[in-house]
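Biologist: I am new to this structure. Please show me how to read its interfaces.

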Amino acid sequence: MDKRNNKRLIKNMVQLTSFDGFAKQLIENGIDDSVIQDAGFNNALSALQKHGLPSPKNEEWKYFPLPTLLKQSYIPASVGKTEFSPSSFQPYIEQAIHVVIVNGFPANLHELSVIPGLEIVSSKKSGDHLSDDPVKNPFPHLNRLLSQVEILIRFNADYSDNRPVHIIHVLHGQEFSPIIISPSITMHIEEGIHAFVIESFHAVKLTDALVNTAISIQAEKGSEIHHVIIEENLRDIVQIYNCNSIVKGNAKVQDHVIIHDSNAVRNTITGSLVNLNATYNIFGIVSANGKSYVDNHTIVDHVAPHCESNEMYKHVLSDSSTAIFNGKIFVRKDAQKTNAYQSNRTLLLSPTSTINTKPQLEIFADDVKCSHGATTGSVDEEALNYLRSRGISRDVAMNLLTEAFIGEVVQKIELDSLRSHYEGSALLSNKA
Amino acid sequence: MLKITNLHAQIEDTPILNGINLTVNQGELHAIMGPNGSGKSTLASIMAGREDYTITQGSIEFNGKDLLELAPEERAGEGLFLAFQYPVEIPGVSTANFLKTALNEIRKCRGQETLDAMDFLSLMKEKAALVELDSTFLQRSLNEGFSGGEKKRNEIFQMAMLEPHLSILDETDSGLDIDALRIVANGVNALRTKDNATIVITHYQRLLDYIIPDFVHVLYKGKIVKTGGKELALELEAKGYDWIKETINV
C-alpha cells in the first residue's frame, strides 16, 4: 500500500480511490483549464465520483483482482522518448503502415508518407457521452479524464491500400512510478472500404503501470475491418483494454484478440450491430501461465434484425493461471432473424489452473438462431498415447496437441504474414 | 529379438494374462489367434506401454532391454511399432506434421540425421504409394474423417515410414473389406525383411491367406495353449475355437 496517498499527495499523482479531488489534482499536473470545463470530461468525472472503480462485489469484476492489482494513485504518463523503430517489436510486419504511439502520444505521424484515403490525426479528446455503463465498466470514463490526445484514424472513400495498419503502442517507463497510460483511438471506416488494423502493446523499461486504453470503431455501410489486438509479454503491468465497435448495414467488423505471457489483462470488447445484415465476429486466443489473470468480457449487441455474429475463444492455461470469460449476447426485441453463435473452449494443462466461464444470452426477439457452448478439459490421453507410441516424447506431444487446439482460431487470422507468425509454437508456454 | 517370459498381467483386480511365453527372432512373422477375451489386445497394449495394466509376474525383453522399463516413446525409439485396432483421430494435427515429428524423434534416438522438409515429403509420397493412399490425405488432420480402411492403411503407412524392427498388428483386419485387406496385406508383406519381425494379432484366418505366418500361436484364457505352423490357422478355421477349448479341458 502506498503510504503517501492518504496524507499529502506527491505532486503529479492522481488518486483512484476517490475522485472528489480529481480535477484539482489534474490542474496541479498542469492540465489546461479548458479540459476541466469540457462537458464530456465532466460527465465522465461525475460518473466516477458517483460509482468509483469496481469493487470485488461487482459481478463484472468478480474474478479479476483489481484491488490487489491497482495502486491507489498514479502519475499520468507524459510524452518522453519517442524514437522507436517499428522493427524492434514483434511481430514485425514489414509491409505494414506503422503508427507508433508512445504512452498514448503519437510519435511518428509526421513521418508517415501520404497514403491516399488514410487520414491519421491527433486532436483533443472529444465526445460528451460514453456508451459504456460506468457501473459495469468505468475504465473508458477514466480514460476520458486522463487521455490528453485522441488519435483519429479515418479510412476514407478513396482508401484502397492493401497494406495493414499496425498500431504499435510503446509503453515506456518514466522516472517515477507507478504511471497510468491512457491511449485513445477512434477508427472510422467509410462506406464500402476495407481495412486491416493490428494493434500491439510493448512494454519498454516499464514495471508497475496501469495501461487503460479506449478504442472506438465505426464501420459504415458495406465496409469491412479486421482488427487484431496483440497483448504479449506484458508482465508487471495491468493492461485494461476497452473497445467498442458500431457495425452498420452490410458491414463487417472482425476483432481478434491474442493474449500470451501477460500477467494481468482485462479486455472489455463490444460489437453493436445497428443496421440490417451487419456482421460482427470476435475471436480470442488466451495462453496464460504463472499466476496470471486474463479476463475477457465481450458483448455482442444485436440491435437490428438479420445480423450475424460469431464468437470463438480458446484458452490454454498452465501453472496457476486464471482466466475469466463472460460472453454476453443481447438480441433486442426487433432483432428478428438474428444468427448469433458463441463458443468458449479451454484446455487446462495444470491441476491448479482455473477458468471462470459464463456465456450470457439475453434474447428478446422470438425468431432467432442463437447458440452457445463452453467446454473445459485437459489433454486427450488417447491422443497423447498415440503420439508417444510413435516416438514423440510427452512434452513434444503435449505441444503438438496444444497447437492443434488453438490452431482453429489462429487460422481465422486473414493476414498471411501475421497468421504464419502465430502458427506452430509461438503461443505455447512451454516450448519443448 | 523379443522374449516374453511367463508374463502375468491384470487390469484392476482381474487377471487377463496368465503366463505368456513367446520368442520372436529376426525375419519371423508370428500370428496370434484366439477367441474374444483371450487377452490378445491386452498383450498388444502392454507391449505398447499402456498404463492401465499391472504386470504381476514375468518379463519382456526386447533387443536385450527390459521393455517394461521403457516409456512408450522410448519403445518406439528402440524400434517397436504397434498398429492400433482403433486408431485415434487427432483434429488439428496433420498426418504430415505428426509423422515428420515422430520420424525425426526416432532418427535422433538412433543417431541418424533428421530429414528436412523436402526429403521428408518425397519419402512420404513414396511410402504412401505402398498402401495406395493419395498424397492429399497427408495434409489432412490425422485420421479425421477417415474410413475404417483408410485408418488401417494409415497405420501401415506409418509403419513404412518409421521402419520398425518389430511390428505388432493388432487386429488390423477388423472392419476391412476384401480390397482394403489386400492393400494392407501387400503393404505388410512389402515391408518384411530378414532383419525385422512381425506379430499379427487376428481373430480370423482370412488375413493369413495374404500374410503367411511362420508360426501360429493360439491364445486362450491368457495363455498360449498351442503353437504350430501356418496349417494350424487352417485347422482352427475348420474346427473353430471350441476345438481348442475341448483340447485344453481334457
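This is a predicted model: local features need pLDDT of at least 70, side-chain atom pairs count only at pLDDT 80 or more; totals for chains, interfaces and linings use all residues.

Biologist: How many residues of chain A are in contact with chain B?

Modeller: Contact means heavy atoms within 4.5 Å. Here 16 residues of chain A are in contact with 26 residues of chain B.

Biologist: What is the area buried between chain A and chain B?

Modeller: Buried area is the accessible area (1.4 Å probe) that two parts lose on being put together, summed over both. Between chain A and chain B this comes to about 1800 Å², and carbon and sulfur atoms give 63% of that area. In chain A, the residues that lose the most area to chain B are Tyr386(A), Arg388(A) and Arg390(A), together 41% of what that side buries.

Biologist: How many salt bridges are there between chain A and chain B?

Modeller: A salt bridge is a side-chain nitrogen of Lys or Arg within 4 Å of a carboxyl oxygen of Asp or Glu. The count between the two chains is 3. One of the salt bridges joins the side chains of Arg50(B) and Glu382(A), at 3.4 Å from N to O.

Biologist: Which helices of chain A each supply at least two residues of the side that touches chain B?

Modeller: Helices are DSSP runs (H or I, at least four residues), numbered from the N terminus. Helix H6 (381–389) and helix H7 (394–410) of chain A each supply at least two residues of that side. The largest share, 7 residues, comes from H6(A).

Biologist: Where are the domains of chain A?

Modeller: Domain bounds come from an automatic or database domain assignment. For chain A, the assignment gives domain 1 (11–275) and domain 2 (380–432). Their C-alpha centres lie 32 Å apart.

Biologist: What is the area buried between domain 1 and domain 2 of chain A?

Modeller: The area buried between these two domains is about 1100 Å², of which carbon and sulfur atoms give 69%. In this interface, 14 residues of domain 1 of chain A are in contact with 13 residues of domain 2 of chain A.

Notes
Residues are numbered from 1 along each chain as its sequence is written. Chains are lettered from A and ligands numbered from 1 in the order in which they are written. Side-chain values use heavy atoms; hydrogens and water are left out.
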